[in-house]
Amino acid sequence: MSKPKAGFYWCASCGGCEESVVDLAEDLLPVVDAIDFVFFPLAMDFKRQDVEALADGEITVCFINGAIRSSEQLGMAELLRRKSKILIAYGSCAHQGGIPGLANLYDLESILETAFQQTPSTDNPGKTRPLPQITVAGGKLTLPTLDESVKSLDQVVEVDYYLPGCPPPVALLKAAVQAILSGNLPPRGTVLAPDKALCKECPRLDSKPDELLITQFKRPHEIEIDQQKCLLAQGLLCLGPATRSGCQAACIAGNMPCTGCLGPTSRTRDQGAAAMGALGSLIESTEEDQIASALENLPDPAGTFFRYSVPTSMMFRKHQNA
Ligand code: SF4
Ligand code: SF4
């Protein structure tokens, strides 16, 4: 019997999700034994034409990481969707737009102007920009075009499952691969991570007070962090209450507050809005100036609460349509 075929592809991505496959370590060997990789540009020399030559639905499972911004990424997402039985949005960027999605806080023209004209290290007196098409002596050269905004994978193609995280924790990847190989998959559309908040699996939960009122949020470098105590109870902005579990509280173990990369649980539609509501209610005062003082240590609220979810956030859409 032929082995199931698998693909792995990156779109607007930092490469961390691809690296996370290597974190399977010796567990990668049985995976490589059990499946045939038919597309995995990071590790193997397959080309787009190899994918085009496959029959529709011939790839058993394809993992796509990274968000979608360019015409090339969109084209690859559509092609891989057509060729795959199961398509998995792998990592925060494919799931909710992720870090590249923060670009949606700016319009495309300002991003290009910053990147190609304004950064201190740029020397571009002619204000040259990459052109989508140019004719040179040898023929015509083309570059992918950029869309006005960054999108999550399910905003451009149908997605069967989501494996969240930045990058997804190796235990979740392992469990997903086992479920695919055994055919024991949950209903389509499921996020393949426990559907409970991170606080529930955090070893510091016992020190999280039921009632907590904060006069000022602090940043990790400003205090000597107690390694046993709930970070929120120490005034650090930890998004554990508004974030899905599944990472075994890895950042908390390193004394770093949760930044929300596993996204929301199924009971929350907008993670950033939920986190703002939950943490805003912890501020002790109702006086405007005291609230402002409690928040003054949060220089980037959008980047703090919506770090991984601007493209899928309802608040962002409202802002975009305003
Ligand atoms: S989810 Fe995180 S690790 Fe994966 S591509 Fe995006 S930024 Fe990189
Ligand atoms: S708020 Fe953060 S540190 Fe506190 S219990 Fe929740 S995840 Fe753990």
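The number of salt bridges between domain 1 and domain 2 is 0, although a search of the whole structure finds 12. This is a predicted model, in which local features need pLDDT of at least 70 and side-chain atom pairs count only at pLDDT 80 or more, while totals for chains, interfaces and linings use all residues. Residues are numbered from 1 along each chain as its sequence is written, chains are lettered from A and ligands numbered from 1 in the order in which they are written, and side-chain values use heavy atoms, with hydrogens and water left out.

- Domain 1 brings 8 residues to the contact and domain 2 brings 7 residues, with contact meaning heavy atoms within 4.5 Å.
- About 530 Å² is buried between domain 1 and domain 2, 63% of it on carbon and sulfur atoms; buried area is the accessible area (1.4 Å probe) that two parts lose on being put together, summed over both.
- On the domain 1 side, Gln-96, Pro-164 and Pro-169 lose the most area to domain 2, and together they make up 50% of what that side buries.
- Helix H5 (residues 92-96) supplies 3 residues, the largest share of the side of domain 1 that touches domain 2. Helices (H or I, at least four residues) and strands (E, at least two) are DSSP runs, numbered from the N terminus.
- That side of domain 1 has 4 nonpolar, 4 polar and no charged residues. In this scheme Ala, Val, Leu, Ile, Met, Phe, Trp, Tyr, Cys and Pro count as nonpolar, Asp, Glu, Lys and Arg as charged, and the others, Gly among them, as polar.

**Salt bridges**

- Side chains of opposite charge can pair when their charged atoms come close. The cut-off used here is a side-chain nitrogen of Lys or Arg within 4 Å of a carboxyl oxygen of Asp or Glu.
- Asp-56 and Arg-82 form one such bridge, with their closest N and O atoms 3.8 Å apart. Asp-56 sits in the loop between helix H3 (48-52) and strand E3 (59-65) and Arg-82 in helix H4 (residues 71-83), so this pair ties together parts that are 26 residues apart in sequence.
- Asp-56 is exposed, at 51% relative accessible area, and Arg-82 is partly exposed, at 45%. The terms are set as buried under 20% relative accessible area, exposed over 50%, and partly exposed in between (1.4 Å probe, protein chains only).
- Asp-160 and Arg-188 meet in a salt bridge at 2.7 Å, N to O. Asp-160 is buried, with a relative accessible area of 1%, whereas Arg-188 is exposed, at 56%.
- Arg-267 and Asp-195 pair at 3.5 Å, N to O.
- Shared partners join Asp-56, Arg-82 and Lys-83 into one network of salt bridges.

**Backbone details to look at**

- Most residues other than glycine have a negative phi, and most peptide bonds are trans.
- The peptide bond from Cys-166 to Pro-167 is cis, with omega near -5 degrees, and Pro-167 lies in the loop between E9 and H7.
- Ala-25 has a positive phi, near 50 degrees; Ala-25 is in the loop between helix H1 (16-22) and helix H2 (28-34) and is partly exposed, at 42% relative accessible area.
- Ala-249 also has a positive phi, near 50 degrees, but Ala-249 is buried, at 2% relative accessible area, in the loop between H7 and H8.

**A closer look at Ser-84**

- Ser-84 belongs to strand E5 (residues 84-90) and is buried, with a relative accessible area of 5%.
- A polar atom of the Ser-84 side chain lies 2.6 Å from the backbone oxygen of Leu-80.
- Leaving aside neighbours within four places in sequence, Ser-84 is in contact with Gly-57, Ile-59 and Cys-62.

Technical notes:
A polar contact is a pair of N or O atoms within 3.5 Å; within protein, one must be able to donate a hydrogen and the other to accept it, and residues adjacent in sequence count only if both atoms are side-chain atoms.
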